[in-house]
Amino acid sequence: MNLLNNKKPFWALGLGLIIFVFFIFLGWFIYGKIKQSSMVSAEAEGKIALLEKKEREFSLAESNLKDFGQEINLLDGAFLSEGTFVDFLRLLESLARKTGVKFSAQNAKLPQLEKEIANLNFEITGNFRGVADFFALLDKIPYAGIVDNANISPKAEGQKKTGEVTARINYIIFNFKI
C-alpha cells in the first residue's frame, strides 16, 4: 500500500486541521463575547452600586431634613418679605409695650432688587431703663438686623426736662426676601 496513492490520510489531516482552526476561532469568539458580557456586567454593577450609594445619601439627607424641620421653619420665618413686614412692625410695637416706651415708625426703605438693603427708621420715647430694655429685646428678635445708627437725646418740653429720652434709630434688616 502506497501512502502517496492513498489520499485518505491527507483528507483526514486537512479535515482535522480545519476542525482544529474552527474550534480555535470558536473559542476565541466565545471568549470575546464572555469578556464583552463581563465588561457590561461590571459596568452595570458599578452603576447599581453608585445608585445604591446615592439612595443611601438621599435617605440620610431626607432624615436630616425631617430632623431639622423645625429649625428650617424657624430660619424661613426669620426672613422678612413685603407680606411679613407688617408682622415685624407689630413685633416692634409689642416690644415697646413690654418695655413701657412709645414706638413710632418714621419711614422704611424696602429693597426692589436683591442686592439692596432694607432699613427702617423709627423712634422710641420713654425712661432710660425702658429704652435700654427695648434695645435688649430688639437684640433677641428672630429677624437678622443691626442698629446702624441710634441718636439718644433727653426729651425736653421747652426749658423743662421730663426725665424721658428719645431714641431715633436706623435699623438695617439683613434677611429681606424679594
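This is a predicted model: local features need pLDDT of at least 70, side-chain atom pairs count only at pLDDT 80 or more; totals for chains, interfaces and linings use all residues.
Across the whole structure, 6 aromatic pairs were identified. In one of them, the ring centres of Phe122 and Phe134 are separated by 6.0 Å and the planes meet at 65°, so the geometry is edge-to-face, given that angles over 60 degrees are assigned to that class. The two residues belong to distant parts of the chain, 12 residues apart: Phe122 is located in strand S2 (residues 118-126) and Phe134 in helix H4 (residues 128-138). Phe122 is buried, at 1% relative accessibility, and Phe134 is likewise buried, with a relative accessible area of 0%. Ring pairs also join Phe122 and Phe134 with Phe103 and Phe135 in a cluster.

The salt bridges number 4. Among them, Lys47 pairs with Glu43, with 3.4 Å between the closest N and O atoms. Both residues are part of helix H1 (residues 8-67), where a spacing of 4 residues corresponds to about one turn. Lys47 is exposed at 54% relative accessibility, whereas Glu43, at 48%, is partly exposed. Helix H1 also contains Glu57 and Lys54, 3 residues and about one helical turn apart, whose side chains form a salt bridge with an N to O distance of 3.9 Å. Glu57 is partly exposed at 39% relative accessibility, as is Lys54 with a relative accessible area of 45%.

A further salt bridge connects Arg168 and Glu123, at 3.3 Å from N to O. Because Arg168 lies in strand S4 (residues 160-173) and Glu123 in strand S2, this pair ties together parts 45 residues apart in sequence. Arg168 is partly exposed, its relative accessible area being 42%.

Note on methods: Residues are numbered from 1 along each chain as its sequence is written. Side-chain values use heavy atoms; hydrogens and water are left out. Rings of Phe, Tyr and Trp (its six-membered ring) pair if their centres lie within 6.5 Å; planes under 30 degrees apart count as stacked, over 60 as edge-to-face and the rest as tilted. Buried means under 20% relative accessible area, exposed over 50%, partly exposed in between (1.4 Å probe, protein chains only).
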